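Open the model in your viewer and keep the sequence panel beside it. We will go from stop to stop, selecting as we go.

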Amino acid sequence: MSTDPAKTLCTVDTGYYADTVEWCPLQGFESYLICGTYQLLERTDQENDCLASSCSPQAIKSKGDVRVGNVQLYHFDGALGRLEKLQTLVTGGVLDTKWLPVSIGGCPVLGCVTSNGDLKIFILTEKKLTEAANFVASPGKLCLSMDWSPDCGKSFSQATISDSAGQISICQFYEGAYNLQQILQWKGHQYEAWITAFDAWNSAVVYSGGDDCFLRGWDTRTDCQKPIFTSKRHEMGVSSIQCNVRHEYIMASGSYDENILVWDTRDTRQPLCSAHPGGGVWRIKWHPLHGNSMLTACMYEGFHILDFVNANGDQCLKMSLSYKEQASLAYGADWCRQKPLASLRSFEKTVQQSDENDESRDLVATCSFYDHALNLWLVK
């Protein structure tokens, strides 16, 4: 374990409970950050709060408890080492957000799935998000996660969505018309499908994980009535999946059983290696630049960075660092694609003198649900 703790740069109160953070991956826009929030309001709170224009029209019209939320757009100011909030967009409860891997017309595109069962598409222009498309993929259900296909940049892009009824959907976003259309939907799991993700190296393959403890792969060139593989190596619900964008065939899954399993997607009969960070693994983010480490949000055990290494010819995960400031329920975590700027290095040295090369540090954003807190921190 590293003896040099992560350095917190700033903390933001998000108001509603925070559950997802995503740095924009596109060159020139890496300093833009999204935070999504989700909060359950009981009926009395609905009367007091929703009618005061704090939630969506859909929530106001609904009966009983309502799920509300918003999408918050931030810009990181390296000169001051802080986040500037640019915008707050009212939505249903936000469960997941993902930036499209490519721009459209030079502008970043954000996908967002909500408790209203919909997929929303936003376009970032002039420091402002504008809703460009909306599609109700799962009427009467919660959309729980989403991911973009790696095969983007044509006339359309595809998104995979999972929902609270165990369904997986493929939606097609037509870029010129800003139109969304569902092209495939199937029953992937018996209970909640907590997570879905495209294979980063094969856009025809989608993975999913559910509360039924199954990790499954699907070939979207078929009707997806049968998975291409099913694994029950996890002993509780599968809550996170991500492929390594730097190392082909490497994929990781996390679960409420508090374990992370790393797989070779060519042979899913048994994992390559495992780790037990604890707490229930809600999100896994491989390092986007080198893929040799992963950032994890582990619910009741905070945030961890694990190194993916070869030891005596065998691959393994080794704990590198833990971050537990304001981590009452660790849900959202992401790496910034940009190394800290010179101005940020100057800012850090005014806080604590160091002979270290700050260019080696990574900038990370994490959010804690019950603390309604968004944190930025530096780590080697």
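A residue counts as buried when its relative accessible area is under 20%. This is a predicted model.

**Stop 1**

Select Y38. Its relative accessible area is 15%, so Y38 is buried. Y38 and F369 form a tilted aromatic pair, with 6.5 Å from centre to centre and 35° between the planes. Look at where the two sit: Y38 is in the loop between β3 and β4, and F369 is in the loop between β28 and β29. The pair therefore ties together parts that are 331 residues apart in sequence.

Across the whole structure, a search finds 18 aromatic pairs.

**Stop 2: the second largest pocket**

Keep Y38 and F369 selected. Both line the second largest pocket, and so do D19, L95, L142, L144, S164, E192, W194, Y256, W282 and Y331. The volume of this pocket is about 240 Å³. Its lining has 9 nonpolar residues, 1 polar and 2 charged.

**Stop 3: a buried serine**

Select S239, in strand β19. Is S239 buried or exposed? It is buried, because its relative accessible area is 0%. Beyond residues up to four places away in sequence, S239 touches W194, I195, G254, S255, Y256, V281, W282 and R283.

**Stop 4: the largest pocket**

How much space lies in the largest pocket? About 850 Å³. Select P101, D147, Q242, V245 and R337: of the 33 lining residues, these are the closest to the pocket's centre. Strand β15 (195–199) gives the most to the lining, with 5 residues. By class, the lining has 20 nonpolar, 3 polar and 10 charged residues.

**Stop 5: the largest nonpolar core**

Select L119, I121, I161 and F173. Of the 19 residues in the largest nonpolar core, these four touch the most other members. Strands β8, β9, β11, β12 and β13 each supply at least two residues of this core. Another core, of 18 residues, lies apart from it; W23, Y74, C336 and L363 are among its members.

Zoom in on F173, which counts as buried at 0% relative accessibility. Leaving aside neighbours within four places in sequence, its contacts include I104, I121, W148 and Y178. Y178 has a relative accessible area of 34%, so it is partly exposed.

Terms used
Residues are numbered from 1 along each chain as its sequence is written. This is a predicted model: local features need pLDDT of at least 70, side-chain atom pairs count only at pLDDT 80 or more; totals for chains, interfaces and linings use all residues. Side-chain values use heavy atoms; hydrogens and water are left out. A nonpolar core is a set of buried Ala, Val, Leu, Ile, Met, Phe, Trp, Tyr and Cys residues joined through side-chain atoms within 4.5 Å. Buried means under 20% relative accessible area, exposed over 50%, partly exposed in between (1.4 Å probe, protein chains only). Helices (H or I, at least four residues) and strands (E, at least two) are DSSP runs, numbered from the N terminus. Contact means heavy atoms within 4.5 Å. On a 1 Å grid over the protein atoms alone, a cavity is a set of points where a 1.4 Å probe fits but cannot get out, and a pocket is an open set with protein on both sides within 12 Å along at least five of seven lines; lining residues have an atom within 4 Å of a point. Grid points are joined across faces, edges and corners, and a volume is the space filled by probe spheres set on the points. Ala, Val, Leu, Ile, Met, Phe, Trp, Tyr, Cys and Pro count as nonpolar, Asp, Glu, Lys and Arg as charged, and the others, Gly among them, as polar. Rings of Phe, Tyr and Trp (its six-membered ring) pair if their centres lie within 6.5 Å; planes under 30 degrees apart count as stacked, over 60 as edge-to-face and the rest as tilted.
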